[in-house]
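Subject: Structure handover

Hello,

Here is the structure I said I would pass on.

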Amino acid sequence: MYQYIFRGGLVIDGTGSPGYEGDVAISGNRIVKVAPRIDEPAKRQVDVRGMIVCPGFIDVHSHSDISLLYHNNPDSKIYQGITTEVTGNCGFSPYPIRQEPSWLERRRTSLAFIDVDKVSWDWEDFAGYKRRMEAAGPNVNLVPLVGYGSIRAMVMGYENRRATGQELIEMCRILKEHFCQGVAGISTGLGYPPDFYGDERELTEIARVVKAYDRIFAFHVRGERATLFQAVKEVISIGRNSGAKVHISHLKCAGIHNQDRGRELLDKIDEAVAGGVDLTFDMYPYTAGSSNLGLVFPPSCHEGGVESLLNALKSPSKRSEICCQMEQGTKGWSTMIGEYGGENLMITALDVHRDCIGKSLAQIGRQWGCSPSETACRLMEEESGKVEMVIFQCKESDMDQIAVRSGCLYGTDGLAMTEGADRIRQMPHPRYFGSFPLLLLRYGGTEKGMGLEELISRLTEKSAQRFGIDYRGRLEEGYYGDVVVLDRQSLNAPASYENPCRISKGVRYLTVNGCMEIWEGRKTGRTGGGMELEYCRKTGSVV
């Protein structure tokens with residue numbers, strides 16, 4: 001007898017094939033039958049006529065690395081239909097680390113975007129982190145990447161220089177070690193320290209290891225604004241010269257320099273793919289981004305980490321120079337503050353000046369009687385570098401072109417959290433709660449989108465294939481029981497910039513590894529996720 005049968009729904013199996021009315025049966029942690037009609041009995045038979053039955057969605061760009069250790073059953077992702085998250089993005093993996101208090105404190109400050117203060121980091125490598133996460137019992141499956149920035153910080157700290165030959169050998173050794181422990185690939189955040197100190201030569205050597213182990217290299221590119229095209233060219237070059245699978249995270253045309261250039265950018269990527277570069281990309285369906293406030297400071301400020309930046313701000317002459325650079329930009333670096341005078345930078349998370357949450361940098365400056373650049377300096381100082389912001393920076397037309405282009409996958413670029421009073425961010429980006437329903441509403445079978453079956457295939461099987469995830473992303477016998485049932489009539493993403501912590505609507509049922517986590521639109525309190533064990537058993541080999 002089967003555990004569950006979902007009966008009579010529109011079965012969209014993840015392959016891109018046309019949907020059909022049928023049944024899906026689950027026993028244990030697996031899908032055991034998918035057919036137009038299943039005549040055998042089940043302990044629970046669920047009438048889902050008029051609803052969509054499809055594989056659980058895969059968030060290919062997530063930052064839930066630490067939040068799921070704080071709260072193992074949060075709301076934000078599963079109510080979007082997400083059952084698997086690719087973590088460790090933007091170079092921000094919480095491993096490898098050193099258990100030295102001063103070193104660890106500095107690294108956690110650099111990783112404030114993913115961190116939760118109440119979680120103790122009591123591991124050193126991915127193997128230790130994996131044991132801790134499995135003990136937590138999260139409500140989704142995690143497919144981990146290791147951060148290039150985390151590896152470089154281990155070997156070189158925050159020094160602004162090229163790696164020596166021996167240092168590069170050591171970085172490659174650590175990467176191989178983590179591949180053998182089971183990580184699915186490597187990521188880098190070339191807009192953040194210490195990642196942006198690595199040059200193309202260094203990254204290409206790292207990519208050759210990625211190629212040897214048949215993993216993936218995900219890039220937060222070196223510049224998403226004035227240097228966007230140059231930054232994408234760098235990724236293409238690394239992919240071409242190494243032969244590795246490369247992937248551009250949260251692709252966007254950011255800033256006034258790139259408005260209406262979406263097609264031009266995508267044509268460059270298509271040309272590279274046609275020339276043999278194994279390249280894909282992802283996006284989220286919002287025109288605003290989000291990051292740490294440190295991103296508005298020029299790269300020269302970040303050598304030595306956040307502590308060095310805060311020390312530099314104590315010098316009046318250095319502070320004046322930094323403010324000037326933030327307003328005017330520097331060679332090879334595009335200013336965020338200078339473009340719109342700080343009006344487009346909304347503060348969303350900090351501890352001391354909580355009255356600033358929801359206000360722009362320009363608004364706060366007017367309150368404080370100082371320039372937006374000086375406001376940024378004061379916030380960094382008085383919040384010890386832990387300030388998050390939303391950045392309004394793109395056009396809808398460019399976003400739409402990226403979303404529907406071949407090769408595009410999708411992510412939230414957010415961490416999993418609850419909507420209640422114990423949430424870990426006061427006013428996060430709405431993408432944390434609304435990305436996937438918004439994708440379905442905006443691009444699933446709509447005039448500006450694509451066929452619903454194609455969109456769901458990208459959210460499921462194509463994402464699984466790209467990130468090397470076995471037995472997920474498809475409704476097929478033998479695959480893991482990650483299933484989502486959508487009531488498209490009630491599908492809604494109410495999260496907004498003003499009120500972002502609102503769960504999405506429309507997920508009627510959801511199972512993770514056969515565990516029923518959402519029943520009739522409500523959480524059951526059960527969790528069925530964990531580390532992606534199939535991947536963690538792949539140790540790889542160098543040839």
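Predicted model: local features only at pLDDT ≥ 70, side-chain atom pairs only at ≥ 80, totals over all residues.

Residues are numbered from 1 along each chain as its sequence is written, and side-chain values use heavy atoms, with hydrogens and water left out.

Cores. A nonpolar core here is a set of buried Ala, Val, Leu, Ile, Met, Phe, Trp, Tyr and Cys residues joined through side-chain atoms within 4.5 Å; buried means under 20% relative accessible area, exposed over 50%, and partly exposed in between (1.4 Å probe, protein chains only). The largest nonpolar core has 134 residues, and Leu-293, Val-296 and Phe-297 have the most contacts inside it. Helix H7 (residues 228-242) gives the most to this core, with seven residues. (Helices, H or I of at least four residues, and strands, E of at least two, are DSSP runs numbered from the N terminus.) A second, separate core has 16 residues, including Val-11, Ile-31, Val-483 and Tyr-509. Leaving aside neighbours within four places in sequence, Val-296 is in contact (heavy atoms within 4.5 Å) with Met-326, Trp-333, Met-336, Ile-337, Leu-345, Ala-376 and Met-389.

Helix pair. The axes of H10 (residues 316-328) and H13 (residues 372-382) come within 9 Å and cross at roughly 120°. Axes are lines fitted to C-alpha atoms, for helices over the stretch in contact, and angles run from 0 to 180 degrees between N-to-C directions. That angle makes H10 oblique to H13; under 35 degrees counts as roughly parallel, over 145 as roughly antiparallel, 65 to 115 as roughly perpendicular and the rest as oblique. From H10, Arg-319, Cys-323, Met-326 and Glu-327 meet Ser-373, Glu-374, Ala-376, Cys-377, Arg-378 and Glu-381 of H13.

Backbone. Which peptide bonds are cis? One runs from Tyr-95 to Pro-96, with omega near -5°; another joins Pro-193 and Pro-194, with omega about 0°. Pro-96 is in the loop between strand S7 (82-87) and helix H2 (101-110), and Cys-90 is also placed in the loop between S7 and H2. Cys-90 has a positive phi of about 60° although it is not a glycine, and it counts as buried at 3% relative accessibility. Asp-214, likewise not a glycine, has a positive phi of about 55°, but counts as exposed at 54%.

Regards
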